[in-house]
Amino acid sequence: MASKTPSVEFNNGNRSPILGLGTWKSQTGGEVKQAVKDAIDIGYRHIDCSPVYGNEKEVGEAINEKIKEGVIKREDIFVTSKLWNTAHRPDLVEPALKKTLSDLGLEYLDLYLIHWPFAFKEGEEIFPSDADGKTQSSDVDYVDTWKAMENVFEKGLAKNIGISNFNSQQIDRLLSNCKVKPSTNQVECHPYLPQVKLSEFCKSKGIVITAYSPLGSPDRPWAKPNDPLLLEDPKIKSLATKYKKTPAQVVLRYQVQRGHIVIPKSVSKKRLKENFEIFDFTLAPEDIQLIHTFDCNGRICPMSSSVHNKHYPFHIEF
């Protein structure tokens, strides 16, 4: 099935499919591989990865099998990955990207992001911690990291480069010190954290928002039994009834109508198909505004273990 996904234009003229498949929390041992293959068969042409998800090898196997089958060519699929916090030191950026390319079995990435604006202590440990369990930081500045990102971009190892979880002040500082402008800022975004101000700010700078955890990430490992479930929210359900769509389809449509790239995660073929079927209806402008009002600063990925880091992004409003 050919992809019918609309695309978004970046500030450099390159384009990205507006809908992608998120792979955070998708398990290895066959689950993530099957999900990626099913997604490609359904028509997804954008896969969002990260080495910290621990599943890039299987994601790569799925992509390459679909290329071998003739379902897609390499240039048909947009693959995103991210630089983890332990590899912010400029000399570590290119080796980290090359490791990701090796795991994915690809020669280049379509998009490479700095996963977080703060750096961890360099080494093999993904979350290096001290005796008190506090995450150990590195003093590398994300501006220096960005200069190394520009180098991998210039070498063609990544067709586009961007950022993730950056606040407006950090973006402004980056823009004052960069040669290559970030294409996107990937941030948590859903009706309980609609990121209206950050979205407007990024748009004014020519930076596209990519929305992660758009369904509220109900399967996050640290969820508490009494946490509100976005897709069970009566207000979302009533909009779903109005449009004869599912709650998930409504909240995904909410993102694409704002010009945001959206990357819902699923491993269920039924839900993958459902999440893809969001281009045959339109939310009224007043319903977009209504969903904005559900904002309760309901951040589900606060990365609290790094709150002490000088580059922690969530101390300011947006």
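**Reading the model**

Author: Start with G22, which lies in strand β3, residues 21-22. Strands (E, at least two residues) and helices (H or I, at least four) are DSSP runs, numbered from the N terminus. This is a predicted model: local features need pLDDT of at least 70, side-chain atom pairs count only at pLDDT 80 or more, and totals for chains, interfaces and linings use all residues. Residues are numbered from 1 along each chain as its sequence is written, and side-chain values use heavy atoms, leaving out hydrogens and water.

Reader: Does G22 count as buried or exposed, and why?

Author: Buried means under 20% relative accessible area, exposed over 50%, and partly exposed in between (1.4 Å probe, protein chains only). The relative accessibility of G22 is 4%, so G22 counts as buried.

Reader: Which residues does G22 touch, not counting those up to four places away in sequence?

Author: Contact means heavy atoms within 4.5 Å. Leave out residues up to four places away in sequence, and G22 touches D48, I263, P264, K265 and S266.

Reader: In which helix is N275 found, and does N275 count as buried or exposed?

Author: Residues 269-276 form helix α9, and N275 is found there. Not counting residues up to four places away in sequence, N275 touches L19, Y44, L215, A248, L252, P264 and S266. Its relative accessibility is 2%, so N275 in helix α9 counts as buried.

Reader: Which residues touch the most other members of the largest nonpolar core?

Author: A nonpolar core is a set of buried Ala, Val, Leu, Ile, Met, Phe, Trp, Tyr and Cys residues joined through side-chain atoms within 4.5 Å. In soluble globular proteins, nonpolar side chains tend to be buried together. Here the largest core has 90 residues, and the ones touching the most other members are V36, I63 and Y112.

Reader: What share of the contacts with a separation of 6 or more comes from residues 24 or more positions apart?

Author: Y112 touches residues including S81, M149 and G162. Across the protein, for contacts with a separation of 6 or more, residues 24 or more positions apart account for 75%.

Reader: What is the radius of gyration of the protein?

Author: The radius is taken over C-alpha atoms, and the globule rule is 2.2 Å times the number of residues to the power 0.38. With 318 residues, a compact globule would be near 20 Å; the protein agrees, at 19 Å.
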